[in-house]
Amino acid sequence: MKIAKPNRIDGFTLSEIMVAVALGSIVLAAVLTSSVALNRSFAAVDDFFSAHLQQVRIIEYLSRDVKRSTNAEISADTKTIYCWIPKYIIRTGDSDATTGNVGTRRTPTVTRGGSGYEVNYYSTTSANGPSGTSTNNSAVVYSVNGNSILRTEDGAITAIASSTDQLVDQVTDVQLANTGYLSSVVTFLPIFTSNGAAVERAGTTVYATAYLRNIRRGN
Amino acid sequence: MTKAPIFNVMNTHRQHEKGSTLVCALCIILIMSFIGANVLMNCTTRYNVTSAQVAGWKDALCAAEAGADIAYAETRKALMNPGTQFSGAGWTSSNASTGPWTYTMPNPFGAAGNLSASASVDNFTSVDGYACYRIRSVGTARVFGLRRVGMDDRPTGATSSFVSGSDVRGRGDSLLRKIDFNYDHFISTYGDGDGNNKQQVALPNDGNGNPLAQVSRRVEAIAVPILPVSGAIKTSGSFYGPGSAGVIDSFNSKNGPYNPDVALGGTPLPQYYSDSRDGNVNCGGSSFTSLTGDIYGNVTTDGATLKSTKYITGSVDNNVPVTLQPQAAVSPPPSRQYESTSPITIDPPGSNPKCSGQPPDSWANAPWYSYTNLQNVTINPVTVGSTPRETYVNIVVNGDISTSLIINQGVNVRIYFTGNVNIKVSNFSNKNVDGSSLANIDGTSSTNSSASAHVQFYGVSPTAPATQTINLDANGKPSIEALWYAPGADFISKGNIVMYGAVVCKSFYENGDCFFHYDKALGNLISPNDYRIASYIEDVR
């Protein structure tokens, strides 16, 4: 009698256990669901912020290069941008490169041209042209390659932005107005997945305008 | 004796039930806290990049350009006020007259005093006798927030390595925004920019001895003199023209007379083809009416909505202001005086008693003639053995100019006028020839082979509400060769005139099929009076 009594006090009935298991399952399911949802949300927000940072980076790369360009053009589909930047630093292979001056800053020449005094850092007889054929300036080309945006400077490629599995770049819309300034519009269209199907959400768009500082302004 | 163990068992079971609940709750809180902390940490880092680092990087460029602006302001004094050049607060130089000059901003600026700038200026070359200045400016901005690099290193290189083919350090954002945390990376790596004086320069500390992160950006700008004549037509107001069969192009009389076939090109291109594409039109207003005549050059306006068309071969920029220096009234220098008469036929004296017996062999020795109105005047050169020589004449007209005017070969004349000009071009004759020059009076060779450079009109800027008008009226299809600098004048060309030279005026209007051929030899004929930034480059290392 003394042994059986404590067992009856400590035990659970079948219904109690079933209720407890049911309640526990509900709580665990809620916690698990919340964790998964929170994790997905965190991943989405992380990717979204990442994409936004890349938008800012693209704009800043473009602004930096356009500002110091002597000329800039865009392709017909507005997805490729060509910038011609004065060759400021003497590089190996340049016609004026010596063993002692590689990596130093070039002293420009000033001549009187049709529009007044003109400055040239690296004069050659080669004319500028699309697709980076220029040799008297550094050719910087921005292009869209799949989900990446590439920056190519004199043949060296750098991916300055690359979408993740949930973010796809929609378009790089660049409008060059009469070679004076460059208006850039970079839009990322994030794609979220719901029930295994891609569900698009409104993207974020960053606008920027950069003026070519080397275009003559005033007199 | 037998009750105590039973109660002990009971107590043990109850304690286990309470403990598991607490542990479960703590675990859930812990998991949620980890997730929350992770989110917050990530957000903080993102925020740190987007707000602090991006802002600092942009502010550094603003600071660098502020330093360049301050230096540029000093270079402009070279022509305006050379006595005070590079003498303000913050400027130092080992040789104040020849430079280089160094500027250090006396006090930081910015909302939190977080920006500073320094600049150096050197006269690295001269062209046409005018100094050209190289401005190098460094702008530094403190980077607030967390002392860490941008965490977004996701971009991968299209080459085997992200940094392959790249000479710069870092990854991701660090490739773009080079933030210094302990030492100035530029001085450590590149020294003064040319590899000299490389050294580790520690960043300034905060009150706790921690280095203050900063970002520096470096720009180089080249300041060159502004040439008042930099194309075919420059106006501070409106432009209208050219007609459907009209043309605005250029040539260089140093290479010979104008050849219409050069501008049309061909295969291979003619030797002086490039000289034909500088018929620039600089319109300082938004009123630009482009007819269907061809403009072989660049076109600028200030606020127009002009687009590139097949009639404009060069670039179009609608955001270019034009400021013209007014033409002041002119009189002989103190040591000189006007000739006593205002003759219908000017025969400059070979030995001028009003110029210490000097011949009119230069602008400095040119005789000065004064007219109330200039009309029906012929100007002859000095002859040596009946051969005309390059002769210089100054004429001041305190009134109007009208034809006829005959400027014989060899005459170089500057005509300063205060009134209006009415010229029937058929009654205007400039007998100088492009591409050929006469000998100077002393027998030496002249370098002035431009017909339009021989005849220079300067319109004294009127005081408002007075106006000034220059009317050229064709009679058939005559030609006129001249340089026109009349910044306050409305320039009107009627009929099928062939103009050689350049025009600087307030407004330009031409109807009919006017042919305008800008002579590039006129480019440096008028002295500059200001400087502009002709080149801008950022050192992105």
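1. In this predicted model, three bridges join β25(B) to strand β27 (residues 479-494) of chain B, and the two run parallel; within β27(B), Leu483(B) is the bridge partner of Gln456(B). Helices (H or I, at least four residues) and strands (E, at least two) are DSSP runs numbered from the N terminus, and two strands pair if DSSP finds at least two bridges between them.

2. Strand β22 (residues 411-417) of chain B also pairs with β25(B), in the parallel sense and over five bridges, and Phe417(B) has Gly459(B) in β25(B) as its bridge partner.

3. Five of the five residues of strand β25 (residues 455-459) of chain B are buried, so the strand is largely enclosed by the rest of the structure. Val455(B), Phe457(B) and Gly459(B) point one way, Gln456(B) and Tyr458(B) the other way. A residue is buried if 20 or more other C-beta atoms, placed from the backbone, lie within 10 Å of its own.

4. For chain B as a whole, the secondary structure comes to four helices and 30 strands. With a radius of gyration, taken over C-alpha atoms, of 36 Å, well over the 24 Å that the globule rule (2.2 Å times the number of residues to the power 0.38) gives for 541 residues, chain B is more spread out than a compact globule. Its C-alpha atoms fill a box of roughly 155 × 55 × 50 Å along the principal axes.

5. Residues are numbered from 1 along each chain as its sequence is written, and chains are lettered from A and ligands numbered from 1 in the order in which they are written. As this is a predicted model, local features need pLDDT of at least 70 and side-chain atom pairs count only at pLDDT 80 or more, while totals for chains, interfaces and linings use all residues.

Technical notes:
A residue is buried if 20 or more other C-beta atoms lie within 10 Å of its own, exposed if 12 or fewer, and partly exposed in between; C-beta atoms are placed from the backbone.
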